[in-house]
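Open the model in your viewer and show it as a cartoon. The stops below say what to select and what is there.

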Amino acid sequence: MSVLDAAASAEFVKGVAPIAKHIVAKNAGDVERFAARVGYPLVLKALSPRIVHKTEAGAVRIVHAPQQLEKEFIALRKLAPHVLAQEFVKGSEFILGLKKDPTFGHVILAGIGGIYVEVYKDVSFRVCPITARDAEAMLDDLKGTAILAGARGKKLRKQAFIDALVKLSKLPATKKTISELDINPFILNDKEGVIVDARVILE
Ligand code: ADP
Ligand code: MG
């Protein structure tokens, strides 16, 4: 079994949907130049093979202003050799992923992200590959499906989620060794759906 790191996982899923703009920063200056491009807030993450759940390890920091930048960068460098700087993506959080099931082969899952995923376990599954119509039915199966229709007063580009699900469901046909793949979160807004964090485990 091999667990791909954040960079390799992002590379692995790049055909599925746009990936949040990012750099691996060597120093605070790199982050400053990146901030000049993408603006604030931005997100810093410590990348280490030893850190699987970054939030729990204090390895995800949202930086709101240039004055905070150096302090946060130095704090994260103490946790890990590499610091990723990422654009902050506005929108609502969802998840999608793959699992290799001994009976069904590769199955795809979709769900509502944020607190919903842990508390309500609001996910639906299908056997890969799926069509756009299947993807739509998967989303309709979710208890929180109304969120996708804009129930919180936010317009969300549901079609971007459907497109990502269809593309993801086709990956196992060529990448047969996928054991587990998680995209969490996939952030959806009125314009697009963006992959913010991915984790891939190969057999
Ligand atoms: P982990 O899952 O390892 O804890 P994530 O990279 O998923 O780390 O970050 C944790 C949470 O921080 C995400 O679920 C999301 O709520 C928020 N977050 C992380 N990166 C961004 C980003 N680029 N834009 C907006 N929110 C983000
Ligand atoms: Mg995550």
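Start with the four strands β2, β5, β3 and β4, which form an open sheet in that order with antiparallel pairing. The model is predicted, so treat each stop as a computed feature. Select 22-25 for β2 and 60-63 for β4: these strands are the edges, and each has a single partner, so one side of each has no neighbour in the sheet. Across this sheet, neighbouring strands are turned by 25° against each other on average, with direction ignored.

Next, select residues 42-47 and 82-87. These are β3 and β5, which pair in the antiparallel sense over six bridges. Within this pair, find lysine 45; leucine 84 in β5 stands opposite.

Residues 28-38 make up helix α2, which lies across β2, β3 and β5 and runs at about 165° to β2. Helix α3, residues 66-77, lies across β2, β3, β4 and β5, and runs at about 170° to β4.

Select ligand 1 and the residues around it. Which of the 17 residues come nearest? They are Lys45, Lys54, Thr55, Glu87 and Glu93.

- The side chain of threonine 55 has an N or O atom 2.5 Å from an oxygen atom of ligand 1.
- A polar backbone atom of glutamate 87 is 2.8 Å from a nitrogen atom of the ligand.
- At asparagine 184, a backbone N or O atom lies 3.2 Å from an oxygen atom of ligand 1.

On its own, ligand 1 has 540 Å² of accessible area, and the protein covers 82% of that.

Stay at asparagine 184 and look at the backbone. A cis peptide bond joins asparagine 184 to proline 185, with omega about 10°. Proline 185 is in strand β9, residues 178-188. Another cis peptide bond, with omega about -5°, joins tyrosine 40 and proline 41. Proline 41 is in the loop between α2 and β3.

Move on to lysine 121, in the loop between α4 (115-119) and β8 (123-127). This residue is not a glycine, yet lysine 121 has a positive phi of about 45°. Most residues other than glycine have a negative phi, and most peptide bonds are trans.

Along the principal axes, the C-alpha atoms fill a box of roughly 50 × 45 × 30 Å.

Note on methods. Residues numbered from 1 in each chain as written. Chains lettered and ligands numbered in written order. Predicted model: local features only at pLDDT ≥ 70, side-chain atom pairs only at ≥ 80, totals over all residues. Heavy atoms only, no water. Pairing = 2+ DSSP bridges. Helix = DSSP H or I, 4+ residues; strand = E, 2+ residues; numbered from the N terminus. Axes fitted to C-alpha atoms, helices over the stretch in contact; angles between N-to-C directions. Contact = heavy atoms within 4.5 Å. Near = heavy atom within 4 Å. Polar contact = N/O pair within 3.5 Å; in protein donor to acceptor, adjacent residues only side chain to side chain. Areas by Shrake-Rupley, 256 points an atom, 1.4 Å probe, with all protein chains shown as cover.
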